[in-house]
Amino acid sequence: MGSFGEAVVVTGFGPFSRYLVNPSWTAAQSLKAEGLEEDIAIYIKEIPVSYSSAKQILTEIWDKVQPEFAIHLGIAPGSKGITLEQTGKNYGYEARDVCGQCPLSQCCVEGGVDKLDSIIDMRSLTKKLKAKGLDVIYSKDAGRYLCDFTYYCSLQCGRGRAAFIHVPASGSVAAPEKLVPQLRSIIQAMLREIRGLSDDNTADCTMDQLVPEECSHQLTQHFHTPPL
């Protein structure tokens with residue numbers, strides 16, 4: 001398994017609304033402390049709940065860290081399980097971030113495709129994990145806010161080699177002693193899925209979704225502050 005790669009990125013979000021310490025970032029820190037596998041280096045990063053900052057950080061992650069895979073964690077208040085997201089969407093970002101801003105034209109990438117999917121079949125993976133007793137849910141709608149925005153940008157830069165996981169903000173599954181072991185098992189399962197994909201299959205799943213420009217160029221756009 002040492003041939004898999006050198007680095008996996010795990011991100012969580014910064015403070016948002018009443019969450020002065022975002023549970024997604026706490027989970028990312030715990031995963032770093034526990035580790036995944038001996039030959040996998042984990043790089044963690046806190047992403048501010050800001051469209052412009054998120055885009056800049058994601059571009060830097062893929063350009064400089066160049067991970068084999070990126071896992072992004074966010075919270076889903078009211079959810080009773082851990083949600084595996086399949087799709088990131090390009091358009092519809094009208095909600096303002098913590099800085100009171102939203103993207104120009106309410107999109108991630110001007111001229112980009114409407115949506116991008118992870119190279120991992122999250123529906124199939126969810127079924128496998130449920131069979132093992134994990135509290136997982138399949139979803140194709142990450143919410144059209146920073147979670148969805150982050151996912152699309154990362155899928156764009158990483159050519160599909162990313163996953164977004166929504167974690168509950170409260171309830172029994174949200175307890176660290178239950179959440180973190182399940183996240184660790186989920187991510188390990190994702191890494192096994194990645195290893196099982198051939199280079200040809202990876203290209204087939206992702207290249208037809210990408211627009212033919214450099215990631216850093218695609219992710220350069222201006223932001224504006226919507227009127228109150």
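Predicted model: local features only at pLDDT ≥ 70, side-chain atom pairs only at ≥ 80, totals over all residues.
Biologist: At what angle do helix H1 and helix H5 pack?

Modeller: Helices here are DSSP runs (H or I, at least four residues), numbered from the N terminus. Axes are lines fitted to C-alpha atoms over the stretch in contact, and angles run from 0 to 180 degrees between N-to-C directions. H1 (residues 23-34) meets H5 (residues 176-195) at about 70°, with axes 10 Å apart.

Biologist: What do we call that arrangement of H1 and H5?

Modeller: Under 35 degrees is roughly parallel, over 145 roughly antiparallel, 65 to 115 roughly perpendicular, and the rest oblique. So H1 and H5 are roughly perpendicular to each other. Contact means heavy atoms within 4.5 Å. On the H1 side it's Ala-27, Ser-30, Leu-31 and Glu-34; H5 brings Leu-179, Val-180, Leu-183, Arg-184 and Ile-187.

Biologist: How do the residues of that H1 and H5 contact divide?

Modeller: Ala, Val, Leu, Ile, Met, Phe, Trp, Tyr, Cys and Pro count as nonpolar, Asp, Glu, Lys and Arg as charged, and the others, Gly among them, as polar. For H1 with H5 that gives six nonpolar, one polar and two charged.

Biologist: How do H2 and H4 pack?

Modeller: H2 (residues 51-65) and H4 (residues 146-158) pack at about 25°, axes 10 Å apart, which makes H2 roughly parallel to H4. Among the residues that meet are Leu-58 and Trp-62 in H2 and Phe-149 and Cys-153 in H4. Their contact has eight nonpolar, four polar and one charged residues.

Biologist: And how does H3 pack with H5?

Modeller: H3 (residues 122-131) packs with H5 at about 130°, axes 11 Å apart, so H3 is oblique to H5.

Biologist: Which residues are closest to the centre of the second largest pocket?

Modeller: On a 1 Å grid over the protein atoms alone, a pocket is an open set of points where a 1.4 Å probe fits, with protein on both sides within 12 Å along at least five of seven lines; lining residues have an atom within 4 Å of a point. This one holds about 220 Å³ of space. Of its 13 lining residues, Phe-16, Ile-75, Tyr-145, Cys-147 and His-166 are the closest to the centre. The lining divides into 10 nonpolar, three polar and no charged.

Terms used: Residues numbered from 1 in each chain as written. Heavy atoms only, no water. Helix = DSSP H or I, 4+ residues; strand = E, 2+ residues; numbered from the N terminus. Points joined across faces, edges and corners; volume = space filled by probe spheres on them.
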